[in-house]
Amino acid sequence: MTVAGAEEATTGTSTKRRSRARWIAGFVLVAVAALVVVLAMRPAADSETPASPLVGRPAPEVRGTALDGRSVDLAAMRGRWVVVNFFATWGVPCRQEHPELKAYTEAHTGPQSPAVIAIAYDENDIASARSFFAQNGGSWPVVPDAGGHAAVDYGVRGLPESYVVDPAGNIAAHVTGKVTAAAIEAITGNAP
Amino acid sequence: MIRRTVWLASIAVLVGALAFGGWPRHDAPRTPAQRVEHLATIVRCPTCSGVSVAQSEAPLARSARQEMERQVAAGRSDQDIEDYFIARYGDDALLTPRRGGAVRVAWVLPIGVAAVAVGVVVVGTRRWRRGDPGAGEADVADVRLVEEALEVRR
């Protein structure tokens, strides 16, 4: 073998090895990058207040007879902002938000004004809800949630929770915990 | 040759088993009660952390279970009911993520990388044990040394 031949053979072998190493390194790099992207795009499983996937979508049906005998049908309230509020009187934040909802409804009394529908989640709490409203005021309808169907249909995770439904019937916002009149006004665009 | 076949068969079995594990299965239980039980074990309790509807006595978990019973009685499929909960509670509505899309990639990708790594180690080890075929050949320095020696003798 001549020097030139040996050089060529050695160079050829090392070039082949380098090329193979580059391919493997490239494959591993792409695989790891793809895995990182996939994992990074997944939402955290235990985030404290995950955004409701229903925001921006049509609000699930709310229909029933309120505690005062009124018929309630969310679908019939198109053209108005509606706050669908899930509560139970045994929840401290639910009791704390009551004056806020009262102030909000008292500020909007026209026939096409924003409205509130309360959903009494706990069927065993109906008598308490009745006396709570008699004692603390509040003119908005309270609809009992038979079997918690409405709560599951709205993806409720805890009480209280409120869903602000826009005039087109879509959920514009989801508020977990105590809601305030100012927060609702900000969502509906009526903030001072 | 036999060892190579054994290695290839082992890798094929490994990849096949893991791919099977990452593939969606449709082994739905038969009776409505079994279906509800199955759904309750895979759907996350809406108000608890890390437990299923079946494991929780929380009021919202009971409501979720009643909703499953109602939908099973209405003739909806397990897939439809899972979709219902995902549409309301997001992708983490299920305790075990669905075996599809990104989740399947997350299953298969590390397996692929591991298979390639095993292959590289196996091939490298075999070559090392056999001895590098290039080791017995003369390299540039050897040839040059011989040529110089021959020049001196002339």
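Modeller: A patch is made of residues with over 30% relative accessible area and no salt bridge, and nonpolar side chains are joined within 5 Å. Keep in mind that this is a predicted model.

Biologist: Which residues make the nonpolar surface patch here?

Modeller: The patch covers about 500 Å². From chain A come A:Ile24, A:Phe27, A:Val28, A:Val32 and A:Val36. From chain B come B:Val116 and B:Val120. Two elements give two or more residues each: helix 1 (3-41) of chain A and helix 5 (102-130) of chain B.

Biologist: Which element gives the most to the patch?

Modeller: Helix 1 of chain A does, with five residues. A:Val36 sits in that helix.

Biologist: Now the inside. Which residues touch the most other members of the largest nonpolar core?

Modeller: Core residues are buried, and their side-chain atoms join them within 4.5 Å. The largest core has 23 residues. A:Leu74, A:Val84, A:Phe86, A:Ile117 and A:Tyr154 touch the most other members. Strand 3 (82-87), strand 4 (115-120), helix 4 (149-153) and strand 6 (161-165) of chain A each supply at least two residues. A second, separate core holds 21 residues, including A:Leu101 and A:Val164.

Biologist: What does A:Phe86 touch beyond its sequence neighbours?

Modeller: Its partners include A:Ile119, A:Ala150, A:Tyr154 and A:Tyr163. A:Asp145 and A:Glu161 are also among them.

Biologist: Is A:Ser113 buried or exposed?

Modeller: Buried means under 20% relative accessible area. A:Ser113 is at 15%, so it counts as buried. Its place is in the loop between helix 2 (92-107) and strand 4 of chain A. There A:Ser113 touches A:Arg80, A:Trp81 and A:His108, leaving out residues up to four places away in sequence.

Biologist: How many residues are in contact between chain A and chain B?

Modeller: 31 residues of chain A meet 37 residues of chain B. The two chains bury about 2900 Å² between them. Of that area, 60% is on carbon and sulfur atoms.

Biologist: Which parts does the pair of B:Glu37 and B:Arg65 tie together?

Modeller: B:Glu37 is in helix 2 (residues 32-42) and B:Arg65 in helix 3 (residues 59-73) of chain B, so the pair ties parts 28 residues apart in sequence. The salt bridge spans 2.6 Å, N to O. B:Glu37 is partly exposed at 36%, and B:Arg65 is partly exposed at 24%.

Key
Residues numbered from 1 in each chain as written. Chains lettered and ligands numbered in written order. Predicted model: local features only at pLDDT ≥ 70, side-chain atom pairs only at ≥ 80, totals over all residues. Heavy atoms only, no water. Patch = residues over 30% accessible without salt bridge, like charges linked within 9 Å, V, L, I, M, F, W, Y side chains within 5 Å. Areas by Shrake-Rupley, 256 points an atom, 1.4 Å probe, with all protein chains shown as cover. Salt bridge = Lys/Arg side-chain N within 4 Å of Asp/Glu carboxyl O. Helix = DSSP H or I, 4+ residues; strand = E, 2+ residues; numbered from the N terminus. Buried < 20%, exposed > 50% of the residue type's maximum accessible area, 1.4 Å probe, protein only. Contact = heavy atoms within 4.5 Å. Buried area = accessible area lost by both parts, 1.4 Å probe.
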